[in-house]
Amino acid sequence: MAGQDTSTLDPVALIDDLIGNRGGSTARIAFAQFAAQLLAQMGPSVATLSDLNAMATWPRGALAFVWDDATASRRGLYRKESASGSATWQRIGDLPTQVIRDRAQHTGTQDIATISGLENRLSEGFTYTQYTANPSGRNIPATAKSVLCLPGSGVVSVWIPTDPPSGGAETAEIVKDASGRWLRCIFNEADLAAEFARLQAEQRDGRVWGISGSETPSGLNVPAWANLVQTVHNASGTSRDWRPVGPPSNGLEMSDLVKDGNPQPRWWARVADNAYRDRSTHTGQQPMATIEGLGAALTNAEAARVTGDNQLRAVARDGVTIPLINIGGTPDAITADIWPSFLTAGITTISDTAEVVLNLNAPNATTSPTLTVGGSTFNLRDINGNPVAVASLKPGRPLKARRSGSTMRIVLGDATSFELAAMRADRIIGDAQGGTVTLESVGGTGDAITASLASSLVAIGLSAANVRRVTWTQPATNTAERPTLNIDGMGAVPIFSSDNAVLPAGGLKRLRIYEAVKVAGRWILVSDVNAADLKVVTDTQTAQGARVAMTEQQIAALRGTVWPGDGLTLVRATNGPVLMVTPDGTTRGRFLAEDVVGLQDGPGGSGGVDFLPTDTGDIPMNAFNIWQKAEGVLGFLSDDWMGRTIAFEKRGDRILADTPSLAIGVLAFGGGGLGIERPLVQRHRYHVLSETGGLAPALIAADAAAVMDLDLAMDKGRKRRTLLAASVPQASITEAEALPDAPPRQAFTAKLADLTATSAAFGKTLFVDRILLSLLEGSPNTLERTADAHYAAVGNGLRMEVAEATDQGALPLLVVSQSAGTRTSGGSEVILAEARLDWTHFALNFVVATPKYPFALADGMPATHTTGALRLIGEMEALAVAEIHAGNRWFCPLLEEATKSDARTLRARFNALSGLVLDAGEHGFTVLVNGTPAAITSAAVSSGTFVNLTLATDLPASAEIEVRYAWGASGDRGDGYAANRGKLRDGWGQVSRYDPAITLRRHALSARVRFTAA
């Protein structure tokens, strides 16, 4: 039908009626009726869809808003599809972004991000919108802070109140509304469009012309409109900027001045090379003068750096412990040098209150040793300024001293070393007190014997007052009762027989060896029976005398003797003691003669004789000389262990060797094969126990270490102790698994508690002397600094946990064997961190026993060593600990620095305990020059601890050099060893106790150093 186009209708601010559709026909509705209908359809406004689905009373067709559901796709406009009584809501659109409901009606909260422009409106105040080109002469509400003009045609503009113009007349930018308030245009869409057009024109017509594949615009058709040319040459990796300039006077092109190829050519000068290449390959240079303000900035930066360096240098000089190296001179006139990095930082002297740390080469021989360092000589004194004791400064012990004027006072900065030294002395004294001391200078008479202790024992504090068991050669036969023994003039102590009876005249024979135990102010003979005094009597004979203990040799003398009868036989000595011996010669107990008089022997030797005291329980071994040590504790002798007769003790159902009261604990934590059994023949089953007091099911890390410790003690003739061992293996251990709350650490705490309880059950005091540690096996990509900090934190945490559990003063050693990497990759920085643990954390008692790269890997395993290799690694660890406990030093050669000797020679310096040896084979060195491997034609030891590396080509005039030893290698060589390898070692060597075909060596640790060669 014909009608009027609605686009031609005049716009109005208010309406009376609306035109719409009803039943397919166009109809008219009053606005009030339309508003009522619209309000009838408006439903709830809720936060979440679940809230809306709980609303069933709304009629079909009701509209609702979900505005704050956690799932963004659920927010929006919903329509009810079901009748009242059920809740079926259908999402029909997004939330309106322009609607802000009246506060009285709005019961929820509105997500501010959904309201377009709300932040601007809130900050500027109320914005009034009108549909004209500007607000001139319009009725603008006084509350409006800004006016938005949206004309039907034309451009959008924004106006804000302003001061009247100076001329008082309206302009295109400033107008006056109907109330007389002046408004200024702050945004005009036309201006924005013009700016866009200008930028588009500049982009389209171009002022910058770029070309790839060429280093210069020489001969190129450069557009006439271009005033900057940028050339990109991919092959050489250069990007250059060129500006138009006048022609040169000679008309010739140069590298930085060229001519394009246009009919009317222009000349172009190079103004910059863009530094988009990486630092190692960038060869271009930029003149400093072309960078505005750079000179002044560098001057200021240099001044700030110098100031900062001076401040740091002062802090380091006065407040940091300075390591000393190149220890020399004599034991009483020590010389040393300051660590090189401190010298580089400008610290060349030792200031007052500064501290130093060093390792001495020999003990002091006088009470006034001196130290010369940094051009000054200082007197070494104790913490109170007094002279030090002779031999109190031990080699291998980190010595820390603080300058006070002209003296260096030894402080407790490394107290654990002093405590460990005291512990060593206590052990020696304990061995002497618990073991048998051989007396020297025996003299006097047979009735008044005199003797002395060895001077070496007296030097460490042992005296006659605290010796409990002695042996001596009798100088003469005693002629009277009650002979005495006087040691070091401490007083004559009477000697009694083994049954605590008075010794008669002739009880001690000249030149015979006697052994006695001191009990209640008297010496009780352990045995006053000699083989020559023994004779056999039948079981029907009587014997008078006392209890007797037989030596192993005496028992052996009886074996094979033809005994009368088939049961027990009484054996007596001329001075009366009685033994019971079975037909096969086995001693079964010691008794007084009156205990067995009248008893008849039955078949098989059972008879009416009770072989053992009724309270001994069942001792499952050949036991003799049984005695009551304490309540519920029996002592006895037996030859059950390796055919040797030693003392045992029985506590309940547990039997172990009778050893000194101090038990040694050995712990292991981490990966690195700690959970793999080491093949060892001897288990020392009466000396080495698990944390529960029994035999360990397998000799893994800690148990094997304890066995090796006892093997070393036997080899050196030292007294054996009880050792308690516990391992917490965690294959491929990660950083998180070593933290305090992780299950492996909790297992460590539990096993440490078990060790403490077991030692107490055996009447022992537990001292943990080492923790075998291997970390980050499952985190090989850990950076060196992170790995170093992780080892220090975990190691110190374990040490403190041990100290708290055992109440020991000296903290245990942390024993680490440097990881080797895998068959195919040796670039883990964890390896580098492990190499320097004993140097960077000397106060934590780290011991890096050996690198693992010289030892074989198991077949088919990427990084796991063979059981035989693990045994050799464990032997190296045991030897390292033994050396340190003996007061000696142990560390493997370590690459410290490298320097350039000449154009083709690098000089690598190592820290080592002796001169270096480079065995035949793959030497293990790698050199990188500016990140690229350089061929090495030879490697040779020089001046003891240096290695000269000769390169195939000359070094650049300036280059970044990296020298590696046994680190960073890759690729499987197929020989059963890790990719990292090397042949450098020091002069130490020892044939393996467990594999005599192998000589153990102290190989150099894997390491790297970097420097800039000028």
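Which residues lie nearest the centre of the largest cavity? We'll get to that stop soon, but here is some background before you click.

You're looking at a predicted model, where local features need pLDDT of at least 70 and side-chain atom pairs count only at pLDDT 80 or more, while totals for chains, interfaces and linings use all residues. Residues are numbered from 1 along each chain as its sequence is written, and side-chain values use heavy atoms, with hydrogens and water left out.

**Stop 1: the whole thing**

Show everything as a cartoon. You'll have 16 helices and 56 strands on screen; these are DSSP runs numbered from the N terminus, with helices being H or I of at least four residues and strands being E of at least two. Of the 1014 residues, 42% are buried (under 20% relative accessible area, with exposed being over 50% and partly exposed in between, using a 1.4 Å probe and protein chains only).

**Stop 2: the largest nonpolar core**

Select F925, I961 and V963. They have the most contacts inside the largest nonpolar core, which has 110 residues. (A nonpolar core is a set of buried Ala, Val, Leu, Ile, Met, Phe, Trp, Tyr and Cys residues joined through side-chain atoms within 4.5 Å.) Next, colour helix α16, residues 867-885: with 11 residues, this helix gives the most to the core. Then zoom in on V963, whose contacts (heavy atoms within 4.5 Å) include L895, L906, F925, L949 and V1009, leaving aside residues up to four places away in sequence.

**Stop 3: the largest cavity**

Two cavities of 30 Å³ or more turn up in a search of the whole structure. (On a 1 Å grid over the protein atoms alone, a cavity is a set of points where a 1.4 Å probe fits but cannot get out, and a pocket is an open set with protein on both sides within 12 Å along at least five of seven lines; lining residues have an atom within 4 Å of a point.) The largest cavity has a volume of about 90 Å³. To answer the opening question, select L674, S817, K852, I873 and E877: of the 13 lining residues, these lie nearest the centre. α16 supplies the largest share of this lining, four residues.

**Stop 4: the second largest cavity**

Now pick R678, A701, A704, A705, M708, R770, L772, G874, E877 and A878, which line the second largest cavity. Its volume is about 70 Å³. Colour α11 (701-715), β43 and α16, the elements that give two or more residues to this lining. α11 gives the most, with four residues.

**Stop 5**

Last, head for the second largest pocket, which holds about 1,400 Å³ of space. Select I325, W339, N359, W839 and N911, the closest to its centre among 44 lining residues. Strand β17 (321-330) is one of the elements giving two or more residues to the pocket lining, and β17 gives the most, with five.

How values were computed
Points joined across faces, edges and corners; volume = space filled by probe spheres on them.
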